[in-house]
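These are my notebook entries on one protein structure. I set down what I looked up, entry by entry.

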Amino acid sequence: MDILRSVHAVATASGDGTGTGAIDWVAVADAAKNVTDPGDLTLSEADREGYATDVRDARRRLRDVGDVEFDLPDTVEVQSRHHWIDANIRTFERVMRPIEEQSRVTLPGVTRVVNTGTMAFMLSFLGKNVLGQYDPLLLAEGDEEHGLYFVHPNIVAASESLDVDFARFRRWIAFHEVSHAAEFGAAPWLSDHLESRMQDGLDALADGEFDREAFSDLDTAMTAVEGYAELLMDRAFDEEYEDLREKLDARRKGGGPVARLARRLLGLGMKRRQYERGAKFFETVADERGVAAASTVWERPENLPTEEELENPWKWVARVNPESRL
């Protein structure tokens, strides 16, 4: 069982044992990789060209369909599962730092082992399931560049288990992740906006409080992010893909009790809800006013829909594009 294997891996991991933080991140990385097969990263020339072509085509199609200008991240990587874990250890560490720095625990040694084991389990689970990722590097310090990752062994395994053509499936994943790059590229303010609300929420948690407004704002913004990406995918992908979505959704809902528990802990069900709710909002706007009208959401932070507007897109149209009202 993965949980038991993760606990054992934490106990035998080569964490440096130093520091007093709530999580031993060196041990997290060691343990997560100890229970995760890195997967085969052998790429043929056709594979390399396929990834590059899919990303380039996605950028061109999305710019045309969405009427948005954006550049691809400098970092575009085809990764193994271990590469993905290493890249995301830094993300998790950044997000958890405010809580680690301010949390007060009664049994720090015991709690550190539990926290470390939990994080190792979650990263191992994600490392085995994530297909692609656009990483906006929220809460990063310095001049780190955004990243675009494709976990090749997972894409191969998923295409085989779903019985779909690998090249077609890979292209669909590329379009989806580049859609997120389009949003953050078209809205230079978006990272700062999300970071600000995230920081407010994390600071409150570190003080033992819950900032409902901050997390509500985050949920609303991420609903817009996920929904707009779905809209672009639907309008820009160069063939029908409903069968891919249905098969992938069925796969995500399957699995044993451990997999279902992990999905709840990671909020993956909430992410699906954000996709569906956001997509409905933007499809309503785009069907009546065009994709370019929907894309005005990224012109400035004030153009993000409110919670009420997500349920009634015409209120958003009336506020952001009053000349478009019926």
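Is glutamate 309 buried or exposed? I found that glutamate 309 is buried, because its relative accessible area is 7%; buried means under 20% relative accessible area, exposed over 50%, and partly exposed in between, with a 1.4 Å probe and protein chains only.

I note the basis of these entries: the model is predicted, local features need pLDDT of at least 70, side-chain atom pairs count only at pLDDT 80 or more, and totals for chains, interfaces and linings use all residues. Residues are numbered from 1 along each chain as its sequence is written, and side-chain values use heavy atoms, with hydrogens and water left out.

**Entry 1: surroundings of glutamate 309**

I located glutamate 309 in helix 14, residues 307-311. Helices (H or I, at least four residues) and strands (E, at least two) are DSSP runs, numbered from the N terminus. The side chain of glutamate 309 makes a polar contact with the side chain of arginine 319, at 2.7 Å. A polar contact is a pair of N or O atoms within 3.5 Å; within protein, one must be able to donate a hydrogen and the other to accept it, and residues adjacent in sequence count only if both atoms are side-chain atoms. Leaving aside neighbours within four places in sequence, I listed Phe281, Leu304, Lys315, Trp316 and Arg319 as in contact with glutamate 309, where contact means heavy atoms within 4.5 Å.

**Entry 2: serine 196**

I then turned to serine 196, which is placed in helix 8 (residues 190-206). Serine 196 counts as partly exposed, because its relative accessible area is 36%. Between serine 196 and alanine 214 there are 8.8 Å from C-alpha to C-alpha, and the two are 18 residues apart in sequence.

**Entry 3: the sheet**

In what order do the three strands form the open sheet? I read the order as 1-3-2, with mixed pairing; two strands pair if DSSP finds at least two bridges between them. Strands of a sheet pair through backbone hydrogen bonds, either parallel or antiparallel. Strand 1 and strand 3 (residues 147-151) run parallel and are joined by five bridges, whereas strand 2 and strand 3 run antiparallel and are joined by four. Tyrosine 149 in strand 3 stands opposite glutamate 77, and tyrosine 149 is also the bridge partner of glutamine 133.

Why is strand 3 largely enclosed by the rest of the structure? Five of the five residues of strand 3 are buried, so the strand is largely enclosed. I found Gly147, Tyr149 and Val151 on one side of strand 3, and Leu148 and Phe150 on the other.

Helix 7 (residues 166-186) lies across strand 2 and strand 3 and runs at about 10 degrees to strand 2. For such angles, axes are lines fitted to C-alpha atoms, for helices over the stretch in contact, and the angles run from 0 to 180 degrees between N-to-C directions.

**Entry 4: the core and the whole chain**

The largest nonpolar core has 58 residues, and Phe150 and Trp172 are among those with the most contacts inside it. Such a core is a set of buried Ala, Val, Leu, Ile, Met, Phe, Trp, Tyr and Cys residues joined through side-chain atoms within 4.5 Å. Another core, of 17 residues, lies apart from it and includes Trp25 and Val151.

I counted 15 helices and three strands in the chain. Of its 326 residues, 50% count as buried.
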